[in-house]
Amino acid sequence: MVITSTVSPVLKIGLQCLGVWPNVPYSAIYWLSFMLSTLIMQYFQYWYILEHLKFSELSNLIDALTVTLDYSLTFFKLIGLWIHRRVFHQILTDMDNDWRECVNSDQYLYIMTINANISHFFSNTILSVVTTATVLYLLGDYVIQYMFITEDYNITLRQLPIKIQFPFETQQSPIFEFLVVTIFLHVMLHVCMLCLINGLIFTLVLHVSGQMDIMCHEFNRISKDILLHKSSASLFGMVIEKHNRIISFCENIKTLFSFIALMQVVWNTLVICCLGFCIIISFHNKTGIFVLVKPVLAYIAVMTEAFIVCFAGEHLSLKSELITNAIYELLWYDMSPRYGKIILFIIMRSQKRLTITAGKMMIMSFETFTNIMKASVSYMSVLNALY
């Protein structure tokens, strides 16, 4: 089967179900249905937090706040994606045009196919890994109850998969079983939507990376034409046009994910603080390794999500620097002054890094991820010293 799109089938189906894919019938109804169900879940989650806002239940409160904040993060991400859906549609149109151009060249098609394979593998892998981790996280309380059940433990008090409070009795059957299944399925759906957004960031960056590799190859062709004393005026025009399309594509990516990246940084900071508190309390109370599994898994998931956005921004920046290097390696000293001026302008423009920013305030890169890691470790170290 020949790949003709960087977007994987799983990612496409998920975006269609969410209602942000172009030309999907009743897309607004799909999006509003999911957002309304999320709002209902958020209402009962924050109600639980307000009802248990006591120092004696601090550990339980922090555990509930972690999942609640993660739900809120996904909610705001989806709002940002819906607001900029026209930008997303333009990005998909540009991607289709890029693939049509690659069909006429086996080498360019090979470059894009490699990036598409990586994109498909990443989207499928992150969905599988995160859903598996979520199942383990949701089953964590039940495993802990089974491993550490005591004589004074009230076995008649059954717990829901997440900390949530309803205005009616939930312990009676079949209401309890219905709520367990409904909440479990909604949390899994919520996780899938989160994976779709992360997979989309990586997919778009990989696509534009393939276009940058093609552009660098075009510069190599220009160098060969110069050695053979052939005219490269037409190639220069094509390369400049492609460079402008790449810049426009990256600006659309920045617009699409600027608010999403900002929410990622802010909410990750809050969630890391909550998880760090849970881990320190579990460690000092000597509750055992099974109790630590749940917050540690959640901490790894949060840091992985931050790493994906930072990795995408770092990869985009590094690829944009390759364009500058490829232009400089041209045989510009063998060209006429007219071509030399063109090369100079291309170099000047390519020196401006193509990045993903968090609210146009912070560049998402490995340095940003390192700062987040340092802040989380410092917080846990101070908390451990004060506990």
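Tutor: Gladly; what follows is a set of questions about labels, each answered with a value and a definition.

Tutor: This is a predicted model, in which local features need pLDDT of at least 70 and side-chain atom pairs count only at pLDDT 80 or more, while totals for chains, interfaces and linings use all residues. Residues are numbered from 1 along each chain as its sequence is written, and side-chain values use heavy atoms, with hydrogens and water left out.

Student: How many helices and strands does the chain have?

Tutor: There are 11 helices and 2 strands. Helices are DSSP runs of H or I with at least four residues, strands are runs of E with at least two, and both are numbered from the N terminus. The order of elements from that end is α-α-α-α-α-α-α-α-α-α-β-β-α.

Student: What makes Thr 38 buried?

Tutor: Buried means under 20% relative accessible area, exposed means over 50%, and partly exposed is in between (1.4 Å probe, protein chains only). Thr 38 has a relative accessible area of 2%, so Thr 38 is buried. This residue is placed in helix α2, residues 27-51. Leaving out residues up to four places away in sequence, Thr 38 touches Tyr 71, Phe 75 and His 186; contact means heavy atoms within 4.5 Å.

Student: And why does Asn 23 count as exposed?

Tutor: Its relative accessibility is 80%, so Asn 23 counts as exposed. Asn 23 lies in the loop between α1 and α2, and has a positive phi of about 60° although it is not a glycine.

Student: Tyr 26 is found in the loop between α1 and α2. Is Tyr 26 buried or exposed?

Tutor: Tyr 26 counts as exposed because its relative accessibility is 60%. Its phi is positive, near 55°, in a residue other than glycine.

Student: Why are α1 and α2 called roughly perpendicular?

Tutor: Two packed helices are described by the angle between their axes and the distance between the axes. Axes are lines fitted to C-alpha atoms, for helices over the stretch in contact, with angles from 0 to 180 degrees between N-to-C directions. Angles under 35 degrees count as roughly parallel, over 145 as roughly antiparallel, 65 to 115 as roughly perpendicular and the rest as oblique. The axes of α1 (residues 9-18) and α2 come within 7 Å and cross at roughly 85°, so the two helices are roughly perpendicular to each other.

Student: Which residues meet there?

Tutor: From α1, Gln 16, Cys 17 and Leu 18 meet Ser 27, Tyr 30, Trp 31 and Phe 34 of α2. The residues of this contact divide into 5 nonpolar, 2 polar and no charged. Ala, Val, Leu, Ile, Met, Phe, Trp, Tyr, Cys and Pro count as nonpolar, Asp, Glu, Lys and Arg as charged, and the others, Gly among them, as polar.

Student: What makes a group of residues a nonpolar core?

Tutor: A nonpolar core is a set of buried Ala, Val, Leu, Ile, Met, Phe, Trp, Tyr and Cys residues joined through side-chain atoms within 4.5 Å. The largest has 100 residues, of which Leu 204, Phe 219, Phe 257 and Ile 356 touch the most other members. Helix α8 (residues 233-284) gives the most to this core, with 22 residues. A second, separate core of 7 residues includes Cys 102, Tyr 108, Ala 116 and Ile 214.

Student: How much of the chain is buried?

Tutor: Buried residues make up 50% of its 387 residues.
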